[in-house]
Amino acid sequence: MKVLVIGGGGREHAILKALAKSPKVDKLYCMKGNAGTAETAENVNVDFMNFDAVTEYVKAHPEIDYYVVTPDDPLAAGLVDVLEGLGKRCFGPEKKAAIIEGSKSFSKNLMKKYGIPTAASETFDDYDKALSYVRSIGAPVVLKADGLALGKGVLLCDTEKQAEEGLKEIMLDKAFGSAGNKVVVEEYMKGLKYTPGEEVSVLAFTDGKTIVPMITSCDHKRAYDGDKGLNTGGMGTFAPCPFWTPELQKEVMDTIMVPTMNAMNAEGRTFKGCLYFGLMRTNKGMKVVEYNARFGDPETQVVLPMLKTDLLEIFEAVTDGRLADVKIEWDDGACVCVVLASGGYPISYAKGKPITIGDTEGVDIVHAGTAMKDGKLVTNGGRVLNVVAKGRDIEEARAKAYKAIENIAWDNMQYRKDIGIKYRDG
């Protein structure tokens, strides 16, 4: 089969690496891709948010058998619907289902309606009313821009002053564009052992009838060590989650995952693809922090290397509604991903810095914001490279990753030194 993956970051490079292992795959393509995806696939220089251009390309290339749509923007805008309308087989949810990520107010209302555990919240499209509400409940509080904001539209406010400034930033200053036309004001959840709580990412394959969770992972959203600084798209991950147990797995399946799948069916929005559950272990049980309508980035970079089953076989089973027939298996051990970013990320950063990569034996280098310029590898984004290492446990995996990082450099490179440490005592 010839398979085209849509997207150009670390997640897409990781998916391509996994698909390349499939004996079913004859050739891979990536739209638009990066310097790393070019080593695994043929990069296609088409803007995937220009649906007319995508349609033109698809019609001109009938030899491509299957499409994988992974970024949030094209999913929310309905690219899967367009591809299916052209008679193409796809992995990814239709627009009506991708709204579970595209609108936080939709997802919060869904959880309220169907009794899925999450933080208490209220949604506002009026700044003055939102401000009045925040002042009435006080701090700490969580503010979320309603729409898509590259994973950065969430503000954790410890004081009422921070909350007032955050509301202004989201609703008046439009720091996240139209995503801030509405704001969700949310309860600040407390953890079972840690403050504010213990977050875990659980990605799941679902065809709307069956839902199969993948191996758990933990993300590091803040820019700097010790979870300091601004929220980012993710500075590193590790798998599996140290505090995850079979009992938690059953609780989450029974109270969150299956009810979410059934709720989307009941709303006429059947979800087929990868449904991402951002969860928190709280002193009141497991609760949903957020949903994503696709593979997480950089969670994918530590989850897929642990997958033993043919990824394309799973994708096709989801598309065909026969996921229950596939046995999905995982490796033992652990995996760690450390994101190497451009200095200044996530606010402002330079591009075009030459990258040198020395001895990285024993790890996998997954490209995100990279490009080739005059035959040289250069930076081309905020998050540039992902250093991914497997080991018998998290300690061994993180030691491999950080050793390899010593042999990678560019001007003003930044990364966190504490990936894989949190929750180590369960």
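Of the 426 residues of this chain, 56% count as buried, where buried means under 20% relative accessible area, exposed means over 50%, and partly exposed lies in between, with a 1.4 Å probe and protein chains only. This is a predicted model, in which local features need pLDDT of at least 70 and side-chain atom pairs count only at pLDDT 80 or more, whereas totals for chains, interfaces and linings use all residues. Residues are numbered from 1 along each chain as its sequence is written, and side-chain values use heavy atoms, with hydrogens and water left out.

Let me turn to the chain as a whole. Its secondary structure comes to 13 helices and 25 strands; these are DSSP runs numbered from the N terminus, with helices being H or I of at least four residues and strands being E of at least two. The radius of gyration is 21 Å, close to the 22 Å that the globule rule gives for 426 residues, so the chain is as compact as a globular protein of that length. That radius is taken over C-alpha atoms, and the rule is 2.2 Å times the number of residues to the power 0.38. Along its principal axes, the C-alpha trace spans about 60 × 50 × 45 Å.

Contacts tell us about the fold as well. Among contacts between residues at least 6 apart in sequence, 68% join residues at least 24 apart; a contact means heavy atoms within 4.5 Å.

Next, the surface. The accessible surface comes to about 17200 Å², and 48% of it belongs to carbon and sulfur atoms. Such areas come from the Shrake-Rupley method with a 1.4 Å probe, and for residues only the protein chains shown count as cover. As for charge, there are 54 positive and 60 negative side chains, and the centres of the two sets lie 1 Å apart. Here Lys and Arg count as positive and Asp and Glu as negative, while His and the chain ends are not counted. Each charge is placed at NZ of Lys, CZ of Arg, CG of Asp or CD of Glu.

I now come to individual helices. Helix 1, residues 10–19, is mostly covered, with 9 of its 10 residues buried. Among them are Arg-11, Glu-12 and His-13.

Which residues of helix 6 are buried? In this helix, residues 95–102, they are Ala-97, Ala-98, Ile-100 and Glu-101. They cover an arc of only 120° around the axis, which puts them on the same side of helix 6; the arc is that of the directions from the helix axis to the C-beta atoms. An α-helix has 3.6 residues a turn, so residues three or four places apart point the same way. The buried residues of helix 6 pack against several elements, including helix 10 (246–266), strand 16 (273–282) and strand 17 (285–292).

Asn-292 is found in strand 17. At 7% relative accessibility, Asn-292 counts as buried. Leaving aside neighbours within four places in sequence, Asn-292 is in contact with Glu-101, Cys-274, Leu-275 and Tyr-276.

Glu-94 is partly exposed, at 27% relative accessibility. Although Glu-94 and Ala-293 are 199 residues apart in sequence, their C-alpha atoms are 9.7 Å apart in space.

By contrast, consider Leu-192, in the loop between strand 9 (183–187) and strand 10 (198–206). Leu-192 and Lys-272 are 80 residues apart in sequence and 33 Å apart in space, C-alpha to C-alpha.

Finally, some details of the backbone. Most residues other than glycine have a negative phi, and most peptide bonds are trans. Where are the cis bonds that I wish to show? One joins Ala-139 to Pro-140, with omega near 0°, and Pro-140 lies in the loop between helix 8 (127–137) and strand 7 (141–145). Another joins Asp-297 and Pro-298, with omega about 25°; Pro-298 lies in the loop between strand 17 and helix 11 (299–303).

Phi of Lys-174 is near 55°; Lys-174 is found in the loop between helix 9 (160–172) and strand 9, and is partly exposed, with a relative accessible area of 33%. Asn-412 has a positive phi of about 70° and lies in the loop between strand 24 (408–409) and strand 25 (413–414).
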